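The entries below follow the order in which I looked things up.

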Amino acid sequence: MKRPFLGELEEVVLLTVAALQELAYCASITQTIDQQMARSISFPTVHTTLQRLEEKGFVSSQMGGATSERGGRQKRLFTVTVAGQRALIECRQVRSQLWEQIPTPVLQLWGV
Amino acid sequence: MGRITKGSKGIPEPADRRTSLDRHSARQPPRWAEWLLSQFSPVGLEDELQGDLQEMYTYWVKMVGLRGARWRYSLAVLRLIRPFSRSRTGPTQAYSQPPILSPTMLLNYVKVAWRNLLRSKSFSSINVLGLTLGLTCCMLLTLYIRSEWSFDTHHQHARELYLLGSRSTVGQNAGREHAAVSAPYGPALKAEYPEIIQMARLYMADEKSLLQVREQGKPLQSFYETKGYQVDSTFFDLFTYAFIEGNPHKALTDPHSVVLSEEVAAKLFGSASALGRLVRIGGDAGLSEDFKVTGVYRTSATNSHIDARFFLPIYTGDIGHFLREGHPDFANNNMFLTYLRLQPNTAVQALAAKLPAFIEKYARADLKLVGFDQQLFLVPVPDLHLYAHFPSVVTPTNSVIYLYMIGSIALFTLLIACINFMNLATARSAKRAAEVGVRKVMGAHQGALVWQFLGESIVLTFLAFLIALALGILLLPLFNQLTGKALSIREFVEPQILLIFLGMALLTGLLAGSYPAFYLSLFNPAKVLKGKFTNSLSAVALRKGLVVFQFVVSVGLVLASFVIQKQMHYLRDKPLGFTQNQQIAIPFRSGDSRTTYTAFRNEILQNNQVVSAAGTQFYPGIANLSDMVFHRPDQSVEQGHDIRTNRVDFEYLQTMGFRLKQGRMFSRQFPGDTANRIVVNEATLRQFQIPETNAIGQHLNFDWQGETIPFEIVGVVHDFHYEDLHQPITPYAFMLSRRPSFNYIIVHVNTADMTNILGFLEQKWKTLRPDEPFEYTFLNEDFQKNYHAENRTSRIVRTFTLISILISCLGLFGLATFSAQQRTKEIGVRKVLGASVASIVLLLSKDFLKLVLIAIGIASPLAWYAMHQWLQIFEYRIAIPWWVFVAAGALALVLAFITISLQSLKTALTNPVKSLRSE
């Protein structure tokens with residue numbers, strides 16, 4: 001069987017989970033993406049993406065942390081699994097490899 | 001841990017409801033969305049989703065504002081709840097995209113649907129036509145029902161508004177309900193009970209008033225206006241009118257002010273502002289004085305039983321004078337509609353329970369003087385139009401039963417059209433069987449096929465919907481004429497109503513398509529592709545059942561409209577016991593005009609076309625307001641009975657053409673005929689158990705303030721209807737009036753030229769009462785006014801019955817066409833073997849006519865029962881004759897036969913060479 005593939009949206013969400021660490025739950029992830037990226041991803045989309053990531057085994061979740069601002073309801077906190085870490089690292093490696101293949105003069109031309 | 005219960009965030013109830021609502025909505029996402037989320041969250045995720053979304057909501061409010069946040073919240077909920085949330089079936093998903101989402105497949109569906117429509121133009125047009133008619137009926141009747149239902153719901157305080165009704169009773173008599181009471185009730189009630197915040201009285205002075213505007217430099221402008229009502233200055237604190245100019249709460253404080261509707265203002269002053277300008281108003285209300293315009297209100301599309309075109313203060317004109325100087329008491333002059341506005345959340349029952357005590361405290365003394373008792377009750381203002389039992393309150397009322405009746409007709413019409421669609425679709429399913437087979441072989445699920453066929457029927461319905469919309473708008477003026485309403489196109493295209501119509505069309509499409517869709521999608525591909533296709537027995541039976549149902553409805557409607565029409569004829573033509581035609585009633589609306597009675601009568605009797613004329617207090621067809629309790633001399637007062645009384649002039653009985661049974665009528669020849677002699681009707685004798693033969697000379701006693709006054713019976717007239725035929729005939733007595741003070745003069749004429757005689761009467765009136773308008777009504781028309789609701793309903797039922805029959809026949813035509821097509825070969829063979837045209841027509845028609853016969857058999861008892869129930873509201877009614885069933889049945893059979901013959905004749909006449917040559 002083919003190794004589960006990490007889509008672009010999934011990558012963004014997974015990275016945000018990693019960045020937020022123990023504060024990663026659906027609402028906070030959506031808000032972070034909303035604030036830090038120039039594009040807005042709707043809440044239900046993030047919710048589905050997280051479910052998909054969990055099915056693929058890239059994140060695991062547990063319940064916890066009810067606060068008053070959410071009406072005392074529990075949140076589902078996500079953490080990146082080992083498989084998730086690997087997938088992210090691999091992603092990054094693939095990208096850096098490609099970046100490195102771009103000739104330096106071209107990069108200079110781009111002003112990077 | 002866990003959820004906070006709903007109770008803990010209960011909102012305190014601040015004084016002002018609106019601000020609390022605003023505050024609430026700022027903090028809370030839309031309630032319906034919250035509810036949806038709480039009920040339909042994916043299993044196991046309820047808690048986190050609700051929490052997350054609440055946090056998101058707070059965030060969105062900060063980022064995009066309240067409206068944006070509410071919008072996003074609702075969208076998110078709709079995407080997250082079952083069944084829209086992502087199913088958790090795993091990665092196979094990518095391959096099983098529902099066909100409904102694939103554009104290629106959709107395009108194919110549309111193409112196939114379109115080809116099918118074109119291939120069978122006649123069937124498609126039958127379907128579209130039927131659905132169009134059904135939808136048009138439904139739309140128009142929905143508008144009608146909505147408009148009837150919306151009476152007086154738009155007032156800001158609608159739920160706190162009540163009309164004070166009264167029931168006057170004498171002795172053990174049940175009494176009659178009146179919408180109007182005497183003048184002091186309103187103010188006294190308000191002063192007595194703190195629950196009553198405000199009251200307002202309404203008085204209808206003139207049916208028509210003359211409005212004149214004289215301004216410098218412009219010619220004098222005069223208009224006759226109807227529907228000008230006199231009201232208390234508090235009126236606009238109760239009823240909501242949208243003022244364009246002026247302040248509603250101060251508008252009528254000055255006795256010489258007037259509030260105009262937009263239309264009247266435009267008529268008088270054009271587009272310029274009307275505020276502060278002067279109008280001279282004639283009639284009893286205006287007395288030709290000048291009134292200053294203090295307000296102009298928008299004539300809205302919303303309905304109110306008070307359909308005023310302008311308002312005058314109640315303390316003006318004749319009635320103003322009466323209120324200030326006439327010392328109105330609690331018993332007489334019951335002519336003020338009295339409206340109360342209660343505190344919000346008042347227990348109405350509790351207030352109503354206090355009203356008998358109020359009568360004792362305030363009204364008892366006055367009531368004793370006139371000898372009757374009175375009970376008060378409260379009617380919610382929004383109920384006045386449909387639920388109250390008054391035949392009219394300012395405007396004629398309707399009955400909610402008639403609305404149900406009309407509503408069910410609308411539904412049935414649409415249902416019949418749906419059945420047409422179902423029957424044609426299943427009957428012709430053979431044509432689609434191959435397609436279904438191929439699709440299934442190619443891997444279509446049953447679900448996909450169901451959606452395909454449903455989609456087709458919905459598309460067809462929408463086509464019909466668009467045509468129906470256009471047709472409805474086109475027919476609106478005709479419909480208005482039929483119903484006597486003033487519905488406008490604006491109401492037709494209101495977004496809310498359009499949405500309802502759209503929903504209606506969608507539902508129709510689903511309903512019409514449901515059965516065919518499931519039926520077609522169940523075909524076994526192996527069988528149908530082999531070409532072995534037979535309509536299943538159960539499907540044929542169901543189709544027959546549906547045809548029977550259609551005709552049950554149609555025949556039932558025909559029967560109902562026959563019976564209704566017969567009853568209406570009966571109401572119109574039943575001998576009432578007096579001469580209805582050629583009788584003109586002229587009212588004396590003021591004290592001055594009453595004094596001219598004798599002179600006026602003498603003047604008009606000069607004309608040889610005037611047969612006779614006589615004054616009276618009341619006449620049949622209008623409410624007979626006075627009654628007295630009599631008892632037989634050998635019985636006690638407690639054993640007495642109530643008799644309606646009417647004080648009349650000597651010639652009244654002859655003028656009205658009452659038929660004498662015993663004794664004699666009043667006559668000027670008998671000097672002994674004074675106020676203490678009476679002529680009674682037969683019902684009186686029955687009530688008092690006086691044998692007819694010794695009625696003459698018998699006395700009836702009347703007790704008044706401890707004194708017993710005997711009345712002598714000098715004559716007995718045949719029973720006659722002094723009220724409409726909803727009411728039974730009860731005891732009635734005529735007595736002479738001491739002095740000529742009559743409310744009306746009845747003029748019996750004998751002429752073919754009514755205009756001429758009316759001109760003559762008016763001219764005589766003008767010479768005696770130059771400043772009072774001449775008014776008249778025809779006696780027979782006054783009587784018919786009591787059947788307003790019935791007449792209107794009868795017209796509507798008749799029209800829509802026709803339409804429903806038309807749709808049924810359309811369907812039958814379709815089925816007949818189909819079966820004739822199917823049997824083309826068979827008929828060809830029969831003809832070759834020598835069958836006659838008649839036998840073939842009979843062969844083709846037999847099956848359908850059988851169904852119609854069954855339908856007649858089912859419909860007759862049902863319709864009989866329903867109509868029997870309806871007739872109970874009339875005290876005088878027809879017995880449903882047997883021949884209406886025969887007539888309705890024959891009509892249905894003949895129509896069905898003609899419909900079928902159109903097709904079967906054509907088939908039977910076809911040359912067999914043509915039908916047989918292809919094989």
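This is a predicted model: local features need pLDDT of at least 70, side-chain atom pairs count only at pLDDT 80 or more; totals for chains, interfaces and linings use all residues.

**Entry 1. Chain B overall.**
I looked up the contacts in chain B with a separation of 6 or more, and 81% of them are accounted for by residues 24 or more positions apart. I then listed the secondary structure of chain B and found 29 helices and 27 strands. Of its 919 residues, 38% count as buried.

**Entry 2. The largest nonpolar core.**
I asked which residues have the most contacts inside the largest nonpolar core. They are Leu135(B), Phe551(B), Val555(B), Leu559(B) and Ala855(B), in a core of 81 residues. The elements of chain B that give two or more residues to this core are H5 (121-149), H12 (400-427), H14 (446-483), H16 (495-521), H18 (537-573), H25 (788-822), H27 (837-871) and H28 (882-909), each of them a helix. H12(B) supplies the largest share of the core, 16 residues.

I took Val555(B) as one example and set aside its neighbours within four places in sequence. It is in contact with Ala855(B), Ile856(B) and Ala859(B), and also with Ala888(B), Gly889(B) and Ala892(B).

**Entry 3. Where chain A touches chain B.**
I found 21 residues of chain A in contact with 18 residues of chain B. On the side of chain A that touches chain B, the elements giving two or more residues are H2, helix H3 (43-56) and strand S2 (75-80) of chain A. The largest share, six residues, comes from H3(A).

**Entry 4. One helix pair across the two chains.**
How are helix H2 (residues 26-36) of chain A and helix H3 (residues 46-80) of chain B packed? I recorded an angle of about 30 degrees, with the axes 8 Å apart. Angles under 35 degrees count as roughly parallel, and H2(A) is therefore roughly parallel to H3(B). From H2(A), the residues that meet H3(B) are Cys26(A), Ala27(A), Thr30(A) and Gln31(A). Their counterparts in H3(B) are Asp52(B), Glu55(B), Met56(B) and Tyr59(B). I classed the residues of this helix contact as four nonpolar, two polar and two charged.

How values were computed
Residues are numbered from 1 along each chain as its sequence is written. Chains are lettered from A and ligands numbered from 1 in the order in which they are written. Axes are lines fitted to C-alpha atoms, for helices over the stretch in contact, and angles run from 0 to 180 degrees between N-to-C directions. Helices (H or I, at least four residues) and strands (E, at least two) are DSSP runs, numbered from the N terminus. Angles under 35 degrees count as roughly parallel, over 145 as roughly antiparallel, 65 to 115 as roughly perpendicular and the rest as oblique. Two residues are in contact if their C-beta atoms, placed from the backbone, lie within 7 Å. Ala, Val, Leu, Ile, Met, Phe, Trp, Tyr, Cys and Pro count as nonpolar, Asp, Glu, Lys and Arg as charged, and the others, Gly among them, as polar. A nonpolar core is a set of buried Ala, Val, Leu, Ile, Met, Phe, Trp, Tyr and Cys residues joined through C-beta atoms within 7 Å. A residue is buried if 20 or more other C-beta atoms lie within 10 Å of its own, exposed if 12 or fewer, and partly exposed in between; C-beta atoms are placed from the backbone.
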